[in-house]
Amino acid sequence: MAQAAPKISFVSLGCPKALVDSERIITQLRAEGYELTKTHRGADAVIVNTCGFLDSAKAESLDAIGAAMAENGKVIVTGCMGAEPEQILAAYPGIAAITGPQAYESVMKAVHDVAPPSHDPFLDLVPPQGVKLTPRHYAYLKISEGCNNRCTFCIIPKLRGDLVSRPVGDVLREAEKLVNAGVKELLVISQDTSAYGLDIKYAASQWKDREVRAKFVDLSRELGQLGAWVRLHYVYPYPHVDDVIPLMAEGLVLPYLDIPFQHASPSVLKAMKRPGNQEKTLDRIHAWREICPDLAIRSTFIVGFPGETDADFEFLLDWLKEAKLERVGCFKYEPVKGATSNDIGLAHISEDVKQHRWNRFMETQQAISAARLKSRVGKRIKVIIDEPGPTVSKGRSQWDAPEIDGNVHVGSRRPLRQGDIVTVKIERADAYDLFGVAV
Ligand code: SF4
(Lines give C-alpha, C1' and ligand atoms only; values in the text may rest on other atoms or scores of the structure.)
Protein backbone atom coordinates (compact mmCIF):
# COMPACT_ATOMS: atom_id res chain seq x y z
CA MET A 1 0.00 0.00 0.00
CA ALA A 2 1.28 3.46 -0.81
CA GLN A 3 2.48 5.50 2.16
CA ALA A 4 0.83 8.85 2.85
CA ALA A 5 2.85 11.65 1.34
CA PRO A 6 4.74 13.80 3.86
CA LYS A 7 3.21 17.23 4.27
CA ILE A 8 5.17 20.47 4.12
CA SER A 9 3.92 23.87 5.21
CA PHE A 10 5.64 26.67 3.29
CA VAL A 11 5.95 30.35 4.23
CA SER A 12 7.24 32.64 1.47
CA LEU A 13 8.36 36.12 2.53
CA GLY A 14 10.15 38.87 0.66
CA CYS A 15 10.49 40.20 -2.84
CA PRO A 16 9.63 38.68 -6.25
CA LYS A 17 13.14 37.21 -6.40
CA ALA A 18 12.47 35.27 -3.21
CA LEU A 19 9.11 34.20 -4.64
CA VAL A 20 10.90 32.63 -7.60
CA ASP A 21 13.13 30.72 -5.17
CA SER A 22 10.02 29.52 -3.34
CA GLU A 23 8.48 28.37 -6.60
CA ARG A 24 11.58 26.35 -7.42
CA ILE A 25 11.64 24.67 -4.03
CA ILE A 26 7.93 23.89 -4.23
CA THR A 27 8.34 22.51 -7.75
CA GLN A 28 11.01 20.16 -6.44
CA LEU A 29 8.93 19.17 -3.40
CA ARG A 30 5.97 18.34 -5.62
CA ALA A 31 8.22 16.49 -8.05
CA GLU A 32 9.37 14.33 -5.14
CA GLY A 33 5.84 13.55 -4.02
CA TYR A 34 5.52 15.90 -1.04
CA GLU A 35 2.18 17.49 -0.31
CA LEU A 36 1.77 21.12 0.64
CA THR A 37 -0.43 22.06 3.55
CA LYS A 38 -1.68 25.45 4.59
CA THR A 39 -1.27 24.89 8.33
CA HIS A 40 1.87 24.32 10.37
CA ARG A 41 0.04 22.01 12.77
CA GLY A 42 0.12 18.44 11.48
CA ALA A 43 2.77 19.20 8.83
CA ASP A 44 5.88 17.00 8.76
CA ALA A 45 8.06 20.09 8.40
CA VAL A 46 7.78 23.84 7.86
CA ILE A 47 9.98 25.75 5.41
CA VAL A 48 10.31 29.49 5.95
CA ASN A 49 11.80 31.43 3.02
CA THR A 50 13.00 34.60 4.70
CA CYS A 51 13.83 38.15 3.65
CA GLY A 52 16.73 40.00 5.26
CA PHE A 53 16.74 43.22 3.25
CA LEU A 54 15.56 45.68 5.90
CA ASP A 55 15.51 45.31 9.65
CA SER A 56 11.71 45.38 9.49
CA ALA A 57 11.81 42.44 7.03
CA LYS A 58 14.16 40.55 9.36
CA ALA A 59 11.77 41.09 12.25
CA GLU A 60 8.91 39.75 10.11
CA SER A 61 11.05 36.72 9.19
CA LEU A 62 11.91 36.03 12.84
CA ASP A 63 8.22 36.26 13.75
CA ALA A 64 7.34 33.77 11.04
CA ILE A 65 10.07 31.39 12.28
CA GLY A 66 8.80 31.81 15.86
CA ALA A 67 5.24 30.94 14.82
CA ALA A 68 6.47 27.86 12.94
CA MET A 69 8.54 26.73 15.94
CA ALA A 70 5.61 27.17 18.32
CA GLU A 71 3.07 25.41 16.13
CA ASN A 72 5.25 22.70 14.62
CA GLY A 73 8.86 22.59 15.84
CA LYS A 74 10.43 21.05 12.71
CA VAL A 75 11.51 24.17 10.89
CA ILE A 76 13.86 24.71 7.93
CA VAL A 77 14.91 28.28 7.27
CA THR A 78 16.11 29.45 3.86
CA GLY A 79 16.39 32.72 1.90
CA CYS A 80 18.29 35.94 2.46
CA MET A 81 18.26 35.83 6.23
CA GLY A 82 19.70 32.31 6.12
CA ALA A 83 22.98 33.90 5.00
CA GLU A 84 23.36 35.17 8.58
CA PRO A 85 22.34 32.18 10.71
CA GLU A 86 23.65 33.50 14.07
CA GLN A 87 20.68 35.74 14.76
CA ILE A 88 18.18 32.98 13.98
CA LEU A 89 20.03 30.37 16.04
CA ALA A 90 20.30 32.75 18.99
CA ALA A 91 16.52 33.18 19.01
CA TYR A 92 15.59 29.60 18.05
CA PRO A 93 18.38 27.10 18.82
CA GLY A 94 16.11 24.14 17.93
CA ILE A 95 15.87 24.97 14.20
CA ALA A 96 16.29 21.83 12.04
CA ALA A 97 18.37 23.51 9.30
CA ILE A 98 19.35 26.91 7.94
CA THR A 99 20.42 27.51 4.36
CA GLY A 100 21.16 30.68 2.39
CA PRO A 101 19.36 32.03 -0.70
CA GLN A 102 19.18 29.85 -3.85
CA ALA A 103 20.37 26.84 -1.87
CA TYR A 104 17.74 24.54 -3.36
CA GLU A 105 19.79 21.38 -2.92
CA SER A 106 20.52 22.15 0.74
CA VAL A 107 16.86 22.86 1.40
CA MET A 108 15.87 19.57 -0.22
CA LYS A 109 18.56 17.71 1.74
CA ALA A 110 17.20 19.19 4.97
CA VAL A 111 13.66 18.17 3.97
CA HIS A 112 14.84 14.60 3.25
CA ASP A 113 16.44 14.46 6.74
CA VAL A 114 13.43 15.85 8.59
CA ALA A 115 10.65 14.25 6.53
CA PRO A 116 11.93 11.55 4.14
CA PRO A 117 9.99 11.27 0.84
CA SER A 118 7.49 8.44 0.79
CA HIS A 119 8.02 7.27 -2.73
CA ASP A 120 10.17 7.29 -5.80
CA PRO A 121 10.86 10.83 -6.92
CA PHE A 122 11.33 9.67 -10.50
CA LEU A 123 7.80 8.37 -10.76
CA ASP A 124 6.05 11.48 -9.52
CA LEU A 125 4.61 14.02 -11.84
CA VAL A 126 5.00 17.73 -11.85
CA PRO A 127 3.55 20.07 -14.45
CA PRO A 128 6.31 20.84 -16.97
CA GLN A 129 6.25 24.56 -16.14
CA GLY A 130 6.71 23.91 -12.41
CA VAL A 131 4.27 24.77 -9.66
CA LYS A 132 3.63 28.45 -9.37
CA LEU A 133 2.72 30.58 -6.39
CA THR A 134 1.68 33.49 -8.59
CA PRO A 135 -1.67 33.27 -10.38
CA ARG A 136 -1.52 31.18 -13.55
CA HIS A 137 -1.62 34.12 -15.97
CA TYR A 138 1.60 35.84 -14.96
CA ALA A 139 5.01 34.61 -13.88
CA TYR A 140 8.30 36.03 -12.70
CA LEU A 141 11.27 35.11 -14.84
CA LYS A 142 14.55 35.37 -12.96
CA ILE A 143 17.44 35.98 -15.36
CA SER A 144 20.35 36.33 -12.94
CA GLU A 145 21.36 36.19 -9.30
CA GLY A 146 23.47 38.56 -7.24
CA CYS A 147 24.83 41.98 -8.10
CA ASN A 148 28.17 43.55 -9.04
CA ASN A 149 27.19 46.97 -7.70
CA ARG A 150 27.97 48.11 -4.19
CA CYS A 151 25.27 50.64 -3.34
CA THR A 152 26.20 51.76 0.13
CA PHE A 153 22.73 51.26 1.64
CA CYS A 154 22.33 47.72 0.35
CA ILE A 155 23.49 44.42 1.81
CA ILE A 156 22.20 42.25 -1.03
CA PRO A 157 25.63 41.67 -2.62
CA LYS A 158 26.87 40.53 0.81
CA LEU A 159 23.94 38.15 1.08
CA ARG A 160 23.68 37.00 -2.51
CA GLY A 161 27.14 37.55 -3.97
CA ASP A 162 28.22 38.93 -7.35
CA LEU A 163 26.22 38.76 -10.58
CA VAL A 164 25.66 35.26 -11.96
CA SER A 165 23.63 35.30 -15.18
CA ARG A 166 21.66 32.31 -16.39
CA PRO A 167 22.48 31.14 -19.93
CA VAL A 168 20.12 32.89 -22.33
CA GLY A 169 18.96 29.55 -23.81
CA ASP A 170 17.82 28.37 -20.36
CA VAL A 171 15.93 31.61 -19.73
CA LEU A 172 14.19 31.45 -23.12
CA ARG A 173 13.27 27.78 -22.71
CA GLU A 174 11.75 28.50 -19.29
CA ALA A 175 9.87 31.49 -20.69
CA GLU A 176 8.51 29.44 -23.60
CA LYS A 177 7.35 26.67 -21.24
CA LEU A 178 5.55 29.23 -19.10
CA VAL A 179 3.81 30.77 -22.11
CA ASN A 180 2.82 27.32 -23.40
CA ALA A 181 1.34 26.61 -19.96
CA GLY A 182 -0.94 29.65 -20.19
CA VAL A 183 1.16 32.48 -18.78
CA LYS A 184 0.14 35.76 -20.44
CA GLU A 185 2.64 38.08 -18.82
CA LEU A 186 6.33 37.54 -18.04
CA LEU A 187 7.90 39.75 -15.38
CA VAL A 188 11.65 39.82 -15.92
CA ILE A 189 13.49 40.19 -12.62
CA SER A 190 17.01 40.16 -11.17
CA GLN A 191 18.98 42.54 -8.96
CA ASP A 192 20.27 44.43 -11.99
CA THR A 193 18.42 43.41 -15.16
CA SER A 194 20.33 45.73 -17.48
CA ALA A 195 23.67 44.15 -16.41
CA TYR A 196 22.47 40.75 -17.64
CA GLY A 197 25.20 38.65 -19.26
CA LEU A 198 28.16 40.79 -18.20
CA ASP A 199 29.66 38.00 -16.06
CA ILE A 200 29.37 35.38 -18.83
CA LYS A 201 30.75 37.79 -21.46
CA TYR A 202 27.34 37.84 -23.18
CA ALA A 203 27.84 34.18 -24.21
CA ALA A 204 25.52 33.18 -27.06
CA SER A 205 23.14 30.19 -26.88
CA GLN A 206 21.48 28.35 -29.71
CA TRP A 207 17.78 29.22 -29.73
CA LYS A 208 15.49 27.91 -32.50
CA ASP A 209 17.38 28.50 -35.78
CA ARG A 210 19.63 31.25 -34.45
CA GLU A 211 22.26 32.25 -31.94
CA VAL A 212 21.16 34.67 -29.24
CA ARG A 213 23.61 36.59 -27.06
CA ALA A 214 23.09 36.87 -23.31
CA LYS A 215 22.44 40.60 -23.63
CA PHE A 216 19.62 42.55 -22.09
CA VAL A 217 18.40 43.86 -25.45
CA ASP A 218 18.72 40.57 -27.33
CA LEU A 219 16.93 38.71 -24.55
CA SER A 220 14.15 41.31 -24.47
CA ARG A 221 13.66 41.03 -28.24
CA GLU A 222 13.42 37.22 -28.11
CA LEU A 223 11.07 37.25 -25.12
CA GLY A 224 8.91 39.73 -26.99
CA GLN A 225 8.37 37.17 -29.73
CA LEU A 226 6.87 34.53 -27.45
CA GLY A 227 3.40 36.10 -27.57
CA ALA A 228 3.10 37.21 -23.92
CA TRP A 229 3.40 40.63 -22.33
CA VAL A 230 7.00 41.20 -21.27
CA ARG A 231 7.64 43.60 -18.39
CA LEU A 232 11.14 44.69 -17.37
CA HIS A 233 11.95 45.24 -13.71
CA TYR A 234 15.07 46.52 -11.91
CA VAL A 235 16.66 48.23 -14.87
CA TYR A 236 19.42 50.83 -14.33
CA PRO A 237 19.83 53.77 -16.68
CA TYR A 238 22.94 52.45 -18.44
CA PRO A 239 23.39 53.82 -21.98
CA HIS A 240 22.43 50.50 -23.63
CA VAL A 241 18.96 50.72 -22.06
CA ASP A 242 18.25 53.19 -24.90
CA ASP A 243 18.26 50.21 -27.29
CA VAL A 244 15.27 48.58 -25.63
CA ILE A 245 12.98 51.61 -26.08
CA PRO A 246 12.40 50.97 -29.83
CA LEU A 247 11.26 47.42 -28.89
CA MET A 248 8.64 49.07 -26.68
CA ALA A 249 7.58 51.43 -29.48
CA GLU A 250 7.19 48.38 -31.76
CA GLY A 251 5.00 46.64 -29.17
CA LEU A 252 7.38 43.72 -28.57
CA VAL A 253 8.01 44.64 -24.94
CA LEU A 254 5.59 46.51 -22.67
CA PRO A 255 6.18 50.28 -22.58
CA TYR A 256 7.14 50.04 -18.92
CA LEU A 257 10.45 50.44 -17.16
CA ASP A 258 10.99 49.82 -13.48
CA ILE A 259 14.09 51.85 -12.63
CA PRO A 260 14.92 52.30 -8.95
CA PHE A 261 16.47 55.79 -9.19
CA GLN A 262 16.62 56.19 -5.38
CA HIS A 263 17.62 59.88 -5.65
CA ALA A 264 18.40 62.65 -8.13
CA SER A 265 20.91 64.89 -6.38
CA PRO A 266 24.42 64.08 -7.70
CA SER A 267 26.02 64.28 -4.24
CA VAL A 268 23.51 61.86 -2.69
CA LEU A 269 23.79 59.47 -5.66
CA LYS A 270 27.56 59.57 -5.23
CA ALA A 271 27.29 58.79 -1.52
CA MET A 272 24.91 55.97 -2.40
CA LYS A 273 27.36 54.70 -5.09
CA ARG A 274 24.51 54.15 -7.52
CA PRO A 275 25.20 52.54 -10.89
CA GLY A 276 24.49 54.14 -14.27
CA ASN A 277 25.17 57.61 -15.55
CA GLN A 278 22.53 59.31 -13.47
CA GLU A 279 23.45 62.90 -14.27
CA LYS A 280 21.99 62.92 -17.76
CA THR A 281 18.98 60.89 -16.75
CA LEU A 282 16.40 63.61 -17.33
CA ASP A 283 17.62 64.07 -20.91
CA ARG A 284 17.46 60.34 -21.41
CA ILE A 285 13.91 60.11 -20.07
CA HIS A 286 12.83 62.88 -22.48
CA ALA A 287 14.55 61.11 -25.38
CA TRP A 288 12.88 57.78 -24.47
CA ARG A 289 9.47 59.45 -24.47
CA GLU A 290 10.16 60.93 -27.90
CA ILE A 291 10.68 57.39 -29.23
CA CYS A 292 7.95 55.76 -27.17
CA PRO A 293 5.40 58.35 -25.99
CA ASP A 294 3.46 55.65 -24.17
CA LEU A 295 6.35 54.73 -21.87
CA ALA A 296 5.50 54.48 -18.17
CA ILE A 297 8.31 54.62 -15.64
CA ARG A 298 8.02 53.27 -12.12
CA SER A 299 10.66 53.97 -9.54
CA THR A 300 11.56 54.01 -5.87
CA PHE A 301 13.37 56.68 -3.90
CA ILE A 302 15.01 57.01 -0.50
CA VAL A 303 14.67 60.24 1.47
CA GLY A 304 16.76 61.08 4.52
CA PHE A 305 19.92 59.32 3.31
CA PRO A 306 22.90 60.33 5.52
CA GLY A 307 24.22 63.72 4.45
CA GLU A 308 21.10 64.66 2.42
CA THR A 309 20.83 68.46 2.72
CA ASP A 310 17.75 70.63 2.22
CA ALA A 311 19.23 71.62 -1.14
CA ASP A 312 19.62 67.94 -2.15
CA PHE A 313 16.02 67.31 -1.21
CA GLU A 314 14.73 70.36 -3.12
CA PHE A 315 16.77 69.18 -6.12
CA LEU A 316 14.99 65.84 -5.89
CA LEU A 317 11.53 67.47 -5.82
CA ASP A 318 12.40 69.64 -8.86
CA TRP A 319 13.71 66.58 -10.65
CA LEU A 320 10.47 64.69 -9.92
CA LYS A 321 8.39 67.53 -11.34
CA GLU A 322 10.48 67.48 -14.49
CA ALA A 323 10.68 63.67 -14.86
CA LYS A 324 6.91 63.13 -14.41
CA LEU A 325 7.23 59.47 -13.51
CA GLU A 326 4.01 57.48 -13.53
CA ARG A 327 4.44 55.33 -10.43
CA VAL A 328 6.71 56.04 -7.52
CA GLY A 329 7.40 54.53 -4.11
CA CYS A 330 9.36 56.30 -1.39
CA PHE A 331 11.18 54.94 1.66
CA LYS A 332 12.63 56.77 4.60
CA TYR A 333 16.29 55.78 4.99
CA GLU A 334 16.69 52.85 7.39
CA PRO A 335 20.16 52.13 8.78
CA VAL A 336 20.21 48.45 7.86
CA LYS A 337 22.71 46.50 9.93
CA GLY A 338 25.86 45.81 7.90
CA ALA A 339 25.24 48.56 5.32
CA THR A 340 28.27 50.75 4.51
CA SER A 341 26.11 53.89 4.40
CA ASN A 342 25.71 53.88 8.18
CA ASP A 343 29.38 54.60 8.58
CA ILE A 344 30.57 56.78 5.71
CA GLY A 345 31.11 59.81 7.89
CA LEU A 346 27.92 61.59 6.80
CA ALA A 347 25.48 63.00 9.34
CA HIS A 348 22.37 60.92 9.93
CA ILE A 349 19.07 62.70 9.39
CA SER A 350 16.62 62.94 12.29
CA GLU A 351 13.38 60.95 12.11
CA ASP A 352 11.36 64.20 12.14
CA VAL A 353 13.17 65.58 9.12
CA LYS A 354 12.88 62.23 7.32
CA GLN A 355 9.15 62.16 7.96
CA HIS A 356 8.72 65.76 6.84
CA ARG A 357 10.65 65.11 3.62
CA TRP A 358 8.69 61.91 2.99
CA ASN A 359 5.39 63.80 3.35
CA ARG A 360 6.50 66.51 0.92
CA PHE A 361 7.83 63.92 -1.52
CA MET A 362 4.55 61.97 -1.50
CA GLU A 363 2.47 65.11 -1.88
CA THR A 364 4.52 66.24 -4.88
CA GLN A 365 4.50 62.86 -6.55
CA GLN A 366 0.82 62.13 -5.92
CA ALA A 367 -0.15 65.20 -7.92
CA ILE A 368 2.17 64.08 -10.77
CA SER A 369 0.89 60.47 -10.77
CA ALA A 370 -2.72 61.63 -10.64
CA ALA A 371 -2.19 63.95 -13.64
CA ARG A 372 -0.50 61.13 -15.60
CA LEU A 373 -3.42 58.82 -14.86
CA LYS A 374 -5.97 61.45 -15.79
CA SER A 375 -4.36 61.77 -19.20
CA ARG A 376 -5.55 58.20 -19.92
CA VAL A 377 -9.23 59.12 -19.54
CA GLY A 378 -11.12 58.82 -22.83
CA LYS A 379 -8.53 56.43 -24.30
CA ARG A 380 -9.00 52.79 -25.28
CA ILE A 381 -6.36 50.65 -23.65
CA LYS A 382 -5.49 46.97 -23.25
CA VAL A 383 -6.13 45.49 -19.81
CA ILE A 384 -5.16 42.08 -18.43
CA ILE A 385 -7.77 40.67 -16.03
CA ASP A 386 -6.46 39.57 -12.61
CA GLU A 387 -9.68 39.14 -10.62
CA PRO A 388 -12.86 38.55 -12.61
CA GLY A 389 -16.09 39.71 -10.97
CA PRO A 390 -19.78 39.35 -11.84
CA THR A 391 -20.14 42.90 -13.20
CA VAL A 392 -16.82 44.59 -12.47
CA SER A 393 -13.45 42.89 -12.85
CA LYS A 394 -10.07 44.03 -11.61
CA GLY A 395 -7.20 44.17 -14.05
CA ARG A 396 -4.06 46.05 -14.98
CA SER A 397 -2.96 48.14 -17.92
CA GLN A 398 0.38 47.76 -19.68
CA TRP A 399 1.63 50.51 -17.34
CA ASP A 400 0.85 48.59 -14.14
CA ALA A 401 2.84 45.71 -12.68
CA PRO A 402 1.07 43.30 -10.30
CA GLU A 403 1.20 44.07 -6.57
CA ILE A 404 3.14 47.34 -6.85
CA ASP A 405 1.19 49.56 -9.25
CA GLY A 406 -2.48 50.47 -9.71
CA ASN A 407 -5.51 48.65 -11.09
CA VAL A 408 -8.08 49.14 -13.80
CA HIS A 409 -11.66 48.43 -12.74
CA VAL A 410 -13.46 47.06 -15.77
CA GLY A 411 -17.25 46.98 -16.13
CA SER A 412 -18.41 44.33 -18.55
CA ARG A 413 -21.68 42.74 -19.66
CA ARG A 414 -19.97 39.55 -20.76
CA PRO A 415 -18.12 37.40 -18.21
CA LEU A 416 -14.36 37.93 -18.21
CA ARG A 417 -11.80 35.31 -17.20
CA GLN A 418 -8.52 35.62 -15.36
CA GLY A 419 -5.75 36.28 -17.89
CA ASP A 420 -8.08 37.68 -20.57
CA ILE A 421 -6.60 40.71 -22.30
CA VAL A 422 -9.45 43.06 -23.19
CA THR A 423 -9.82 46.52 -24.69
CA VAL A 424 -11.24 48.98 -22.19
CA LYS A 425 -12.54 52.50 -22.70
CA ILE A 426 -11.34 54.56 -19.74
CA GLU A 427 -14.04 56.77 -18.21
CA ARG A 428 -12.40 58.14 -15.08
CA ALA A 429 -9.33 58.06 -12.86
CA ASP A 430 -8.64 58.54 -9.17
CA ALA A 431 -5.21 58.99 -7.55
CA TYR A 432 -4.15 55.36 -8.19
CA ASP A 433 -6.64 53.50 -10.37
CA LEU A 434 -8.49 53.75 -13.67
CA PHE A 435 -12.16 52.89 -14.25
CA GLY A 436 -13.75 51.95 -17.56
CA VAL A 437 -15.84 49.52 -19.60
CA ALA A 438 -14.83 46.62 -21.80
CA VAL A 439 -15.62 47.31 -25.46
S1 SF4 B 1 22.08 47.52 -7.57
FE2 SF4 B 1 22.58 48.37 -5.58
S3 SF4 B 1 20.61 48.28 -4.48
FE4 SF4 B 1 20.42 46.90 -6.20
S5 SF4 B 1 21.05 44.90 -5.38
FE6 SF4 B 1 22.86 45.82 -6.33
S7 SF4 B 1 23.88 46.81 -4.62
FE8 SF4 B 1 21.78 46.44 -3.96
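Colleague: How much space lies in the largest pocket?

Modeller: About 1300 Å³. A volume here is the space filled by probe spheres set on grid points, joined across faces, edges and corners. A pocket is an open set of points on a 1 Å grid over the protein atoms alone, where a 1.4 Å probe fits, with protein on both sides within 12 Å along at least five of seven lines. Lining residues have an atom within 4 Å of a point. This is a predicted model: local features need pLDDT of at least 70, side-chain atom pairs count only at pLDDT 80 or more, and totals for chains, interfaces and linings use all residues. Residues are numbered from 1 along each chain as its sequence is written, and side-chain values use heavy atoms, with hydrogens and water left out.

Colleague: Where does the ligand sit?

Modeller: In the largest pocket. To sit there, more than half of its atoms must lie within 2 Å of the grid points.

Colleague: Which residues are around the ligand?

Modeller: Among them are Cys147, Asn149, Cys151, Cys154, Tyr236 and Arg274. Each has a heavy atom within 4 Å of the ligand. The shell divides into 7 nonpolar, 2 polar and 1 charged.

Colleague: New topic, strands. How many bridges join β1 to β3?

Modeller: 5, and the two run parallel. Ser12 has Asn49 of β3 as its bridge partner. β1 (7-12) also pairs with β2 (35-37) in the parallel sense, over 3 bridges. There, Lys7 is partnered with Glu35. Two strands pair if DSSP finds at least two bridges between them. Strands (E, at least two residues) and helices (H or I, at least four) are DSSP runs, numbered from the N terminus.

Colleague: What about the backbone: what is phi at Lys208?

Modeller: About 55 degrees, positive although Lys208 is not a glycine. Lys208 is in the loop between β10 (204-207) and β11 (210-213). Gln262, also not a glycine, has a positive phi near 70 degrees.

Colleague: Is Gln262 buried or exposed?

Modeller: Buried, because its relative accessibility is 9%. The cut-off for buried is under 20% relative accessible area, with a 1.4 Å probe and protein chains only. Gln262 lies in the loop between β13 (256-258) and α9 (266-272).

Key:
Nonpolar A, V, L, I, M, F, W, Y, C, P; charged D, E, K, R; others polar. Buried < 20%, exposed > 50% of the residue type's maximum accessible area, 1.4 Å probe, protein only.
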